[in-house]
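Subject: Structure for your review

Dear colleague,

Please find below the structure that I am handing over to you. I would be grateful if you kept it open while reading the notes that follow.

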Amino acid sequence: MTAFSIPSHWNIDQVLQDIDQHGFAVIDQAYSEQYGQALLDECNANLARFREAAIQNGVVSNIRSDHILWIQEDLPLAQQHIQALHSFAQELNRAFFTGIREVEAHFACYHAGEFYALHRDNPQQKNDRMISAVYYLHPEWQPDWGGELRLQDKHGEWHILRPEPNRLAVFQSDLLHEVLVAKQQRLSITAWLRSGHTLW
Ligand code: OGA
Ligand code: MN
């Protein structure tokens with residue numbers, strides 16, 4: 001389960017402190033250049049399989065326009081990222097007794113002009129998502145390309161996080177956030193660290 005552990009250079013104490021104090025944390029240069037490239041290659045090789053995220057179970061929503069691909073066993077590089085998040089979840093569980101037992105994730109591709117309107121990943125504790133983790137895969141992101149993650153922290157303050165390549169943004173799934181219109185192709189993996197307890 002934990003063959004691919006947290007990279008040793010992550011400042012885990014700082015990350016845990018940031019999540020505790022603000023409800024979110026940012027990890028830059030999260031992975032090695034080689035692994036980041038391999039993950040991007042796997043994403044690009046599968047782009048034709050991405051589907052409109054706005055259509056779920058046949059129901060169309062207009063709050064998001066990205067395209068996604070859920071990560072299963074057939075995507076081994078992305079599986080390693082999920083394993084790293086499992087290890088990260090163990091740290092969260094140790095520090096906060098979060099009781100995270102599952103990780104689910106999908107690749108996401110925003111084409112130029114696409115966005116994700118204001119939402120929470122876990123509104124009113126309706127599901128078992130505890131922590132959201134977004135990893136940015138594109139090799140380059142210029143300041144005027146938009147596509148920022150705009151996030152309200154647990155004290156109500158707003159933050160604008162640029163989707164820097166090789167950045168991992170982690171935040172409580174109940175926090176309000178949005179993805180501003182991207183002006184270039186924006187590639188990421190969104191993951192949710194879940195308790196595994198179904199409440200519905
Ligand atoms: C999501 C989401 C943020 C981002 O997929 O639910 O909010 O920066 N993503 O991609
Ligand atoms: Mn979200």
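A polar contact is a pair of N or O atoms within 3.5 Å. With that cut-off in mind, consider Tyr136: an N or O atom in its side chain is 2.6 Å from an oxygen atom of ligand 1. Please note that this is a predicted model, and that the distances here are computed from it.

Two further side chains come within the cut-off. In Asp121, an N or O atom of the side chain is 3.2 Å from an oxygen atom of ligand 1. In His119, a polar side-chain atom lies 3.3 Å from an oxygen atom of the ligand. How much of the accessible area of ligand 1 does the protein cover? On its own, ligand 1 has 290 Å² of accessible area, and the protein covers 99% of that area.

The shell around the ligand

The largest pocket

Ligand 1 takes up the space of the largest pocket, whose volume is about 430 Å³. This pocket is lined by 25 residues, and those closest to its centre are Arg64, Tyr116, Asp121, Arg129 and Trp192. The lining comprises 11 nonpolar, seven polar and seven charged residues. Strands E5 (67–70) and E6 (102–110) each supply at least two lining residues, as do E7, E8, E12 and E13.

The second largest pocket

The second largest pocket holds about 240 Å³ of space. Its lining consists of 18 residues, with Thr98, Met130, Ile131, Gln172 and Asp174 nearest the centre. Two or more lining residues come from each of helix H1 (12–22), helix H3 (76–96) and strand E8. Strand E8 has the largest share, three residues. In this lining, six residues are nonpolar, seven are polar and five are charged.

Yours sincerely,
A colleague

Conventions: Residues are numbered from 1 along each chain as its sequence is written. Chains are lettered from A and ligands numbered from 1 in the order in which they are written. This is a predicted model: local features need pLDDT of at least 70, side-chain atom pairs count only at pLDDT 80 or more; totals for chains, interfaces and linings use all residues. Side-chain values use heavy atoms; hydrogens and water are left out. A polar contact is a pair of N or O atoms within 3.5 Å; within protein, one must be able to donate a hydrogen and the other to accept it, and residues adjacent in sequence count only if both atoms are side-chain atoms. Accessible areas come from the Shrake-Rupley method with a 1.4 Å probe; for residues, only the protein chains shown count as cover. On a 1 Å grid over the protein atoms alone, a cavity is a set of points where a 1.4 Å probe fits but cannot get out, and a pocket is an open set with protein on both sides within 12 Å along at least five of seven lines; lining residues have an atom within 4 Å of a point. A molecule sits in a cavity or pocket if more than half of its atoms lie within 2 Å of its grid points. Grid points are joined across faces, edges and corners, and a volume is the space filled by probe spheres set on the points. Helices (H or I, at least four residues) and strands (E, at least two) are DSSP runs, numbered from the N terminus. Ala, Val, Leu, Ile, Met, Phe, Trp, Tyr, Cys and Pro count as nonpolar, Asp, Glu, Lys and Arg as charged, and the others, Gly among them, as polar.
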